[in-house]
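User: Please take a close look at one part of this model, the strands and their surroundings. I would like one connected account, with the cut-offs stated.

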Amino acid sequence: MHSWKLSTKFSLFLVLVFLLGSGLTIVTLSKHLNHQAEQAVTERAEILISALQAARNYTQNHIQPVLQANNTPSQVGNFFPESIPNFAAQTIFTNFIEQSSEFQDFAYKEAAPNPTNPLDLADDFETQILTQLQSMAPDTAKPLSGYRTKDNKKLFYIARPIIMSDASCLVCHSDAQQAPAELIKMYGTQNGFGWQLNELVATQMLYVPADQIFERERQNLWTVSKIFLSIFTALFIIINLLLWRTVTHPVRLLTQVA
């Protein structure tokens with residue numbers, strides 16, 4: 001009877017150790033896999049937003065000068081959407097997500113408090129991001145990242161500042177009277193003017209559904225957890241068998257003999 005109680009207590013102790021070990025392992029794995037998932041998505045998002053910034057720079061530094069150089073005097077001041085960095089980035093992003101199912105739920109916006117395109121008007125959250133970026137020195141402003149909830153969806157975001165660094169952009173954004181007629185016809189005279197050189201005028205906002213971050217992490221966690229649970233279960237059974245053969249069973253035999 002005494003040996004049975006001893007084995008029962010030892011089994012209960014093993015169960016407790018098993019449960020604590022399993023719980024601690026799952027929590028640790030969850031944190032580690034969650035960090036890895038966030039890091040992977042952050043890297044992909046940074047690569048994508050860097051590519052969009054490269055498209056903006058190329059448009060501003062190469063497309064605009066070529067169009068301006070090839071204009072005849074009567075064409076000077078015409079508005080070509082293809083020469084606008086915002087248009088180039090938005091077009092490339094749209095084409096990119098249409099061709100890649102993995103990125104179809106991503107969203108891109110050049111949020112501004114005074115945008116030319118009304119669709120780029122910053123909401124309250126994006127205005128706060130702009131305020132944070134504006135509080136930094138223009139030469140030290142760094143991208144921000146984090147989470148926000150929009151339309152009942154949790155989104156991971158990366159925000160990169162857009163600074164008015166090229167004087168040629170003032171043609172479209174300094175004064176409505178000097179802006180191309182086609183630009184005025186398309187967007188009106190109410191927004192997108194009064195910008196100044198070296199001013200932080202907008203922020204590139206790239207949004208990633210957080211579900212994409214955590215879904216893969218949950219799948220990996222479940223797979224790894226099953227492996228650890230299988231290992232712990234096997235160890236529990238083996239230890240109990242060894243206990244029965246080396247301790248419990250011999251003690252019971254000695255008890256019967258006595």
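Analyst: Two strands count as paired if DSSP finds at least two bridges between them; helices (H or I, at least four residues) and strands (E, at least two) are DSSP runs numbered from the N terminus. The model is predicted, so local features need pLDDT of at least 70 and side-chain atom pairs pLDDT 80 or more, while totals for chains, interfaces and linings use all residues. Residues are numbered from 1 along each chain as its sequence is written, and side-chain values use heavy atoms, with hydrogens and water left out.

The confidence comes before the geometry. The average pLDDT (the predictor's confidence in each residue, from 0 to 100) is 79 for the protein, and 83% of the residues score at least 70. Residues 72–76 fall below 50, and this stretch has 2 contacts in the model beyond near neighbours in sequence; a contact means heavy atoms within 4.5 Å.

The strand pairing runs from S2 through S3 to S4. S2 (residues 144–150) pairs with S3 (residues 153–163) in the antiparallel sense, over 7 bridges. Within this pairing, Tyr 147 has Phe 156 of S3 as its bridge partner. S3 and S4 also run antiparallel, joined by 9 bridges, and Arg 160 has Gln 204 of S4 as its partner.

The hairpin of S2 and S3 has 2 residues between its strands, and Asp 151 there takes a positive phi near 55°. Asp 151 is not a glycine, despite that positive value. At 66% relative accessibility, Asp 151 counts as exposed (exposed is over 50% relative accessible area, buried under 20%, partly exposed in between, with a 1.4 Å probe and protein chains only). Another residue with a positive phi that is not a glycine is Asn 198, at about 65°. Asn 198 is found in the loop between helix H5 (181–187) and S4.

Not counting residues up to four places away in sequence, Thr 203 touches Lys 109, Glu 110, Ala 111, Leu 130, Leu 133, Ala 159, Arg 160, Pro 161 and Ile 162.

With the same exclusion of residues up to four places away, the contacts of Leu 206 include Ala 45, Leu 48, Phe 93, Phe 106, Tyr 108 and Phe 156. Leu 206 is also among the residues with the most contacts inside the largest nonpolar core, which has 15 residues; Leu 48, Phe 93, Phe 106, Tyr 108 and Val 208 are the others named. A nonpolar core is a set of buried Ala, Val, Leu, Ile, Met, Phe, Trp, Tyr and Cys residues joined through side-chain atoms within 4.5 Å. Helix H1 (2–70), helix H2 (85–99), S3 and S4 each give two or more residues to this core. H1 supplies the largest share, 5 residues. A second, separate core has 12 residues, including Ile 129, Leu 130, Leu 155 and Leu 200.

The whole structure has 4 salt bridges, each defined as a side-chain nitrogen of Lys or Arg within 4 Å of a carboxyl oxygen of Asp or Glu. Glu 110, one of the contacts of Thr 203, forms a salt bridge with Arg 56, with the closest N and O atoms 2.8 Å apart. That pair links strand S1 (residues 107–111), which holds Glu 110, to helix H1, which holds Arg 56, across 54 residues. Both Glu 110 and Arg 56 are buried.

Lys 109, also touched by Thr 203, meets Glu 126 in a salt bridge of 2.9 Å, N to O. Lys 109 lies in S1 and Glu 126 in helix H3 (residues 124–134), so this pair ties together parts 17 residues apart in sequence. Both ends are buried, with Lys 109 at 14% relative accessible area and Glu 126 at 0%.

Asp 123 sits in the loop between S1 and H3, 25 residues from Arg 148. Arg 148 is buried at 10% relative accessible area, whereas Asp 123 is partly exposed at 22%.
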